Amino acid sequence: MTRLRITGWKHRRELSLLALKDWPWAGVNTLAGALAQAHINLPFLLMQGGKDGVWVRLCLEQGKRPQAQALAVELAQAHGWREPLVREPVIALTFYPLAGGMTLPAEALACLAGAGLHPLALGTSLAAMTVILPEEMLPAAVEALGSRFDLPEGASPPEERVSVVQSPVKRKG
Amino acid sequence: METVAVYFEKPVRTYGIKARLGNIALSLECTADQLTGLTATLAALEPPLQLVSCSLMWEGDLALLQVCLPQDQAPRLEEAAARTGVGTAQCSQAGVVNLQGPHFGDRWGLASEALCGMESAGVEPLSILGVTHTIQVTLAPESSGAALEGLGRGFCAPGGDNG
């Protein structure tokens, strides 16, 4: 079988996954606003509307999870919505390029399933695909995916270590 | 940890804000075994299925797979799903708005900005995905104009070309 060519992958560790079920869009918006006020970034976000409300999976830095969870619980209790479920630690494993086709997500899911691994969530962007996995699954996932994708032998996805600062004060010059 | 950029923008600059119409959003519900069969079938499809976006989450033992793809590709996906015993939970015409900009995946507040824009326009999307540097809003095609207007309050495109 021809191995699938990808140009890059990376992973981000020490994340928490919050799951919300059947929240109204307005409630999700309120929570997103509160997280923004608290300067909490969401490196992965999936919101799916349904007949009973919105199902949400969002990732954030594990260190920010207590604050984010408290904000979500406060909203849930105030409005009678379901409280968030938390899974941690999780990793975000990102692959490039998506190349506008279903091949990458289908191959990745099939390959992981073949190793008995099921991602907690998956999402695509214009250029990439990210899968969210329990952190302990990283070695097994890398081994399984490395056998299907065309990467140098023994390659492991580099860890993303980038910080972007947002300041409320605009600097001159 | 290396600090690579500092941002504070209002509105948030993007590389462009456009609505793409002519898509189908399919929601599929399947067991783990069905998902394995379906993804193996989709991986083997020739030519490969064209894709606008794909997402997956689990609810208990059920995988919820949402695939948005060009309209002419939808029958191929439905056929593959039927062959592997996977039912279609929902099938909708869909427009897609992509918001993409520098370091979008590393900046707080952008999802909130997008959600506020949608709420101010009175639009409830089918789904929102925030992955790497893209926020992707999938919505009913007839809501696209209102959504672009709402999103245009918080985001801007080069040369003010929102639409």
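How many residues of chain A are in contact with how many residues of chain B? In this predicted model, 56 residues of chain A are in contact with 55 of chain B, contact meaning heavy atoms within 4.5 Å. Local features need pLDDT of at least 70, and side-chain atom pairs count only at pLDDT 80 or more, while totals for chains, interfaces and linings use all residues. Residues are numbered from 1 along each chain as its sequence is written, chains are lettered from A in the order in which they are written, and side-chain values use heavy atoms, with hydrogens and water left out.

**Between the chains**
- The two chains bury about 5,200 Å² between them, 60% of it on carbon and sulfur atoms; this is the accessible area (1.4 Å probe) lost on putting the two parts together, summed over both.
- There are 3 salt bridges between chain A and chain B, each a side-chain nitrogen of Lys or Arg within 4 Å of a carboxyl oxygen of Asp or Glu.
- A:Arg57 forms a salt bridge with B:Glu59, with the closest N and O atoms 3.1 Å apart.

**Strand 7 of chain B**
- Strands are DSSP runs of E, at least two residues long, numbered from the N terminus.
- All 5 of the 5 residues in strand 7 (127–131) of chain B are buried, so the strand is largely enclosed by the rest of the structure; buried means under 20% relative accessible area (1.4 Å probe, protein chains only).
- Strand 7 of chain B runs antiparallel to strand 3 of chain A, joined by 5 bridges, and two strands pair if DSSP finds at least two bridges between them.
- A:Leu45 stands opposite B:Gly130.

Terms used:
Buried means under 20% relative accessible area, exposed over 50%, partly exposed in between (1.4 Å probe, protein chains only). Helices (H or I, at least four residues) and strands (E, at least two) are DSSP runs, numbered from the N terminus.
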